Amino acid sequence: MKWLDAALGRSKETKPNLDSLFALPDAAVTLQAAMSVRPTGRGAVCFRAAEGAAFSQVQGDLQQLLDADGGPKVEVSTDSYGFTWLLVTHEQDELPALVTELHAVNSTLQDNGFAPALLCSLVGFEAQGDRPVGLVYLYKRGTFYPFAPKGPEMRDNTLELQVRAAVGADLPIEPDLARWFPVWGAPGL
Amino acid sequence: MASSRYLPDRGLTARMGGTIFLLGALFVVLGSVLVYYFSYWGVIFIGGFLVVQWFYSDRIALFSMGGREVTPEEAPQLHAIVDRLCALADMPKPKVAIADTDVPNAFATGRSPQRAVVCATTGIMRRLDERELEGVLSHELSHVAHRDVTVMTLAAFVGVLAGFLTRMALYSGMFGGRRNNNDNGGAPIILIITLVSVIVYALSFLLTRTLSRYRELAADRAGAFLTGQPSALASALVKISGEMGRIPTKDLRQAEPFNAFFFTPAIAPGFSISSLFSTHPSLEKRLDQLGRISAQLNNPA
């Protein structure tokens, strides 16, 4: 009853879709085989921290959970738009472990009622010639899109479209190009 | 585990539903009078006018505010905020426009979320910081998601129809009446039509205003939950409301014949007249609601 919700001014919470995240390791294999694009072992979760103590509490718990495995600590940063990034670092060949940790962050936020705060996850890759390219996962859509920054505020669209063509069979790629928004200076790239 | 902090406001939904129901009932009353005594043509004519207004609402509003669509290169910050909010809310990205005026304001319009435009003035971008601007834009995007242009155009239909009918009846009473002097029963019909349309006009005016206030509250609510920052929106409201108070808010559709009708003191004491007529809820009401949302975000899930 979408029209009724609109008529009554009701907003439904948009539910995130976390499942497609686990398709990433397979796609990484394809990327390496097809284009020599290698994972960097770095990934980040981006969310909009809600105000108040409840959210800070959840975020603190999250960091403890991620740091508990004895690996490198998670790095927390806030970008210029007020979004928080949790950067997780692993070895290059540990992509499944990285994805599991990213998933843990997401499900923890979801379990604590902050699912709408999730913006995206980003997993860093590197194309030949040290060109960074990230695969960005949009929770609310359950889709991925590539983001390749080239210099200040310029995108390497050619590389992005190559990546899209290469992993199109493994990952659900966001069909609406207008939603491939740039994440300049994102940690993990 | 509970999975959501985003509790619906059932009271607000019920009040909004009731207002829409009453407007619908008024439309039935007026429509039957119109069809009984005149013809369908009046309804179709006014309906057509409103459909055109609704269809081109994005261009009309942009034109009247002097807004200009901007590319991501021209306004990277504004675009980035809208990009992120749309990704959070899972809605298509509207066009982004800037109006070059120092009046601190923002608006969203367009007949559907696919054809929407969000416009901020240079005045509001100068006065607000990024968090506050994000709050204002999330409020405007909620208007788009709730399809407020469509809902309010439909709601205004009754009022415009009643105003039109009143005029028609008055003119035909003044000019046509003399010609039909010998026609028995001509005058009472015109009297009935005038009376019905005046009453319908008065009621629909109050109801559309009430509906508009409820929809502002709903947009505040949805916007605050979207960003998780009700206080940023509250601070934006406080900042610009002081300056907005001096700016006339009179709408074109409001310039209708029976405005003076409402200033009869037929309202119970203790009830502020201005609160009944305004399109936006009072600042206190909006801040109260945002305060409650802030508390809700802090409740254990």
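Me: What order do the strands of the open sheet of 4 strands in chain B take, and what makes two strands a pair?
Reply: Happy to start there. The order is β1-β2-β4-β3 of chain B, and the pairing is mixed. At the edges stand β1 (67–69) and β3 (106–109) of chain B; each has a single partner strand, so one side of each lacks a neighbour in the sheet. On average, neighbouring strands of this sheet are turned by 25° against each other, ignoring direction. Two strands count as a pair if DSSP finds at least two bridges between them. The strands themselves are DSSP runs of E with at least two residues, helices are runs of H or I with at least four, and both are numbered from the N terminus. This is a predicted model, in which local features need pLDDT of at least 70 and side-chain atom pairs count only at pLDDT 80 or more, while totals for chains, interfaces and linings use all residues. Residues are numbered from 1 along each chain as its sequence is written, and chains are lettered from A and ligands numbered from 1 in the order in which they are written.

Me: How do you know that β3(B) and β4(B) pair, and in which sense do they run?
Reply: DSSP must find at least two bridges, and here 4 bridges join β3(B) to β4 (residues 117–121) of chain B, with the two strands running antiparallel. That meets the cut-off, so they count as paired. One bridge to look for is T109(B) with its partner V117(B) in β4(B). Strands of a sheet pair through backbone hydrogen bonds, either parallel or antiparallel.

Me: What lies across this sheet, and at what angle to β3(B)?
Reply: Helix α3 (residues 57–65) of chain B lies across β1, β2, β3 and β4 of chain B, at about 155° to β3(B). Angles run from 0 to 180 degrees between N-to-C directions, with axes being lines fitted to C-alpha atoms, for helices over the stretch in contact.

Me: Why is L22(B) called partly exposed?
Reply: A residue is buried if 20 or more other C-beta atoms lie within 10 Å of its own, exposed if 12 or fewer, and partly exposed in between, with C-beta atoms placed from the backbone. L22(B) has 17 such neighbours, so it falls in the middle class. You will find L22(B) in helix α1 (residues 10–37) of chain B. Across chain B, buried residues make up 40% of the 301 residues.

Me: Why is β4(A) said to be largely enclosed?
Reply: In β4(A), 8 of the 10 residues are buried, so the rest of the structure largely encloses this strand. Its partners are β1 (residues 38–47) of chain A, antiparallel over 7 bridges, and β5 (residues 131–138) of chain A, antiparallel over 8 bridges. V45(A) stands opposite S121(A) of β4(A), while V123(A) has L135(A) in β5(A) as its bridge partner. In the hairpin of β4(A) and β5(A), with 3 residues between the strands, G129(A) takes a positive phi near 80°.

Me: What makes the contact of α2(A) with α4(A) nonpolar?
Reply: L24(A), P25(A) and A28(A) in α2(A) meet L95(A), P96(A) and V99(A) in α4(A). These residues divide into 6 nonpolar, no polar and no charged. The nonpolar class holds Ala, Val, Leu, Ile, Met, Phe, Trp, Tyr, Cys and Pro; Asp, Glu, Lys and Arg are charged, and the others, Gly among them, polar. The helices pack at an angle of about 140°, with their axes 9 Å apart.

Me: How many residues are in contact between the chains, and what makes a contact?
Reply: 34 residues of chain A are in contact with 44 residues of chain B. On the chain A side, α1 (2–7), α3 (53–67), α4 (95–111) and β4 (118–127) each give two or more residues. By class, that side has 17 nonpolar, 8 polar and 9 charged residues. A contact means that the C-beta atoms of two residues, placed from the backbone, lie within 7 Å. The predictor gives the complex an ipTM of 0.84 and a pTM of 0.81.

Me: Which parts of chain B call for caution, and why?
Reply: The pLDDT is the predictor's confidence in each residue, from 0 to 100. Its mean for chain B is 77, and 78% of the residues reach 70 or more. Over residues 177–182 of chain B it is below 50, and it stays under 50 over residues 246–272 of chain B. Where pLDDT is low, the predicted coordinates should not be read in detail.
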